[in-house]
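Me: I would like to go through this structure and ask what stands behind the terms used for it. Please set each value against its definition.

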Amino acid sequence: MTRVAVLAGGRSPEREVSLRSGHRVSSALRARGHDAILVDPSEGPFVETLSAATVSACYVALHGKEGEDGTVQRLLELLDLPYTGTRAGACQRAFDKVLAKEALDDADVPTPPWAVVEVAALRDLAAGPILHRIAQRLGLPLVVKPSRAGSAMGLSFVEREPDLPHAVMNALSFSDAAIVERRIDGPEVAAGVVAGLDALPLVEIVPKDGVFDYAARYTPGATEYFAPARLSPEVAEACRRSAARAVEALDLRDVARIDLMVDGDGLPWVIDVNVSPGMTDTSLLPMAALAGGVGFEDLCDRILELAMARA
Amino acid sequence: MAEFTVDPYAERYARRAAGMSVSEVRALFAVASRPDVVSLAGGMPYVQGLPAEHVLEVVESVLLEHPDVALQYGGGQGSALLRERLTMLMAEEGTAADPEDLVVTTGAQQALDLVGKVLIDPGDEIVVEAPAYVGALSAFSAYEPRFVQVELDDEGMIVERLEEALVRGARPKFVYTVPNFHNPAGVTMSRERRERLVALCREAHIPIVEDNPYGLLRFDGDPEPTLHSMDPKNVIYLGTVSKVFSPGVRVGWAVAEPGVLQRLVLAKEAADLCGSNLNMLITERYLAGDRWRTTLAGLVSTYHARRDAMLQALDEHFPADATWTIPSGGFYVWVTLPDYFDSANLLAAAVERKVAYVPGTAFYPDGRGRERMRLAFCYPSEERIGEGVRRLGELLSDEEDLYRSLSG
């Protein structure tokens, strides 16, 4: 029996979500005969715990900073422990929405036009008046989000320019830079990608209150999901292609979730990439897998195998 | 094509449960409970201040002398001896009550739920203070009332506003108030307001639900009479031992007129048959004799010193245009910031800087309170309080710079 550490918890605002993901993943792996132990990197000495536990691989079920920005991955690389998911350097780029959007742009993967507002620019350079130019250049409505955070935390929609400063301050509570992005109107879909599996069905997201915010994500019943998404075969194919190109452009490994908005012309825009997609009971990747005939235990087992193969 | 139902019960929930949802703020508290975060958020009594040997003695004697009772079911109303002790606690504040008119509940929180169950029909108006104790809002919400919010100031609920609401046609089932050391506002209702509220409600035939968890935790000034002592027939009184002894034993109570009391007892039995005999015996024993008084005096002086530490730190570290209440007892200081601050959004940044508080929005049923925050001084040491307030002050000052730049 192989012993694996499922890393979950951490100290990001997504701690609770991660713990839920971690518990589900460890039960699934245990059911598949692995000796899975849950390790919270924020509790006790992380490096010593991992070394003492003699694990042969790590399943990364951390969300948010540290777990998705490459910090934990770098430690695991130094410990020579194979781990699930994307390499440290690529994590760092994918988790930072500024760097990720630049990489997508360079690879000609459509992502909504955007601008960055940094805390330092506002505080040290008194760059506040730039917001007006941003609003003019991008055009309303806008989406404002922290450059480095997940689960839609700190995200707001801006219909009127006077609301922009508040939305920026809100995002800056979570990160030292805010992304202001043109809001694409249309169905929102999530593309789950697992190496070695055929393309999974897209999941269409229909929040009952119209906004896929934190509550809509994690309150069962607050959002309706359709899998496969109710899109024409051509549009669905275009979404999958965009997702695949995003995975390539960002050098994502093993598993990822790409979130897209489909505009009125059927063009998909990548709005977010996740190197450690949620694995909770309301999460999108497990839903996509299930719709594609892959149960939760199979999914976790498959992802773990990818890491074990690198041992 | 399949519609994915994450929750197979989604279409089956009762209306009262439909509004229950998770939130970012809740998620942030999961991080805020870590030891390196100075939490000014939770209102946890300082139970470390209880003498362990006394508690141990009490628990031991209960199990040695009455194991058959302690481990058995009990009556729905609670034992006569405990009820007598609880009325004695009320007498400490000059409130006379008959143990026969008292039902022991699982914390005062259950009493709030039972009051809601017995008095609120869907759509009924009930009056709450703005801000109001968040636990009362959630307990009552399950019975689908419409909240009529009445502002408070340094003298407690502004009774004239209640009069105005009544003139405008409000017909509340009852008025809910925390007159002493309000949660979250920290303020205490003045004598004049008490008299006016009691007279107004008597005249308009609106019962008052008086929630008094902190009354015995007074640091300075003279105690005001409880509303119940001013009009026992029209006031349902809620008490708890959570702050004078331990919230872990979950012992609270309600005192009401016989008709209401009977329904509260029946509702209590329907909810959980009876309270925990073990915990009730422990509480009754703990409150026997005079040792608890000495312990309480010690706790009060600890809270007093912590309040002073918080007020001093606020003076030192908070923005000049912020204001806060000065509680003469209890657990909380209520801070009002300039209105460009959004305390709900700011919580993430605060937790990042290792300090936590409760955003003002928690205490209003309608999303107000973004520029306010509740700071609890009951649990952390004076030193930690100073450090927490310093971190928070630094954050607010940075946020102010940001705002100035954005509003250029």
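**Terms and values**

Reply: A:Val143 stands opposite A:Phe157 in β6(A). The model is predicted: local features need pLDDT of at least 70, side-chain atom pairs count only at pLDDT 80 or more, and totals for chains, interfaces and linings use all residues. Residues are numbered from 1 along each chain as its sequence is written, while chains are lettered from A and ligands numbered from 1 in the order in which they are written.

Me: Why are β5 and β6 of chain A said to pair?

Reply: Two strands pair if DSSP finds at least two bridges between them. Strand β5 (residues 142-146) and β6 of chain A have three bridges, in the antiparallel sense, so they pair by that rule. Strands here are DSSP runs of E, at least two residues, and helices are runs of H or I, at least four, numbered from the N terminus.

Me: What makes β4 and β6 of chain A edge strands?

Reply: In chain A, β4 (114-118) and β6 (156-158) each pair on one side only. The open sheet has four strands in the order β4-β7-β5-β6 (chain A), with antiparallel pairing.

Me: How do you know that the radius of gyration of chain A agrees with a compact globule?

Reply: The radius is taken over C-alpha atoms, and the globule rule is 2.2 Å times the number of residues to the power 0.38. For 311 residues the rule gives a value near 19 Å; chain A has 19 Å, so the two agree.

Me: What share of chain A is buried?

Reply: Buried residues make up 55% of the 311 residues. A residue counts as buried if 20 or more other C-beta atoms, placed from the backbone, lie within 10 Å of its own.

Me: How many helices and strands does chain A have?

Reply: Chain A has 12 helices and 12 strands.

Note on methods: A residue is buried if 20 or more other C-beta atoms lie within 10 Å of its own, exposed if 12 or fewer, and partly exposed in between; C-beta atoms are placed from the backbone.
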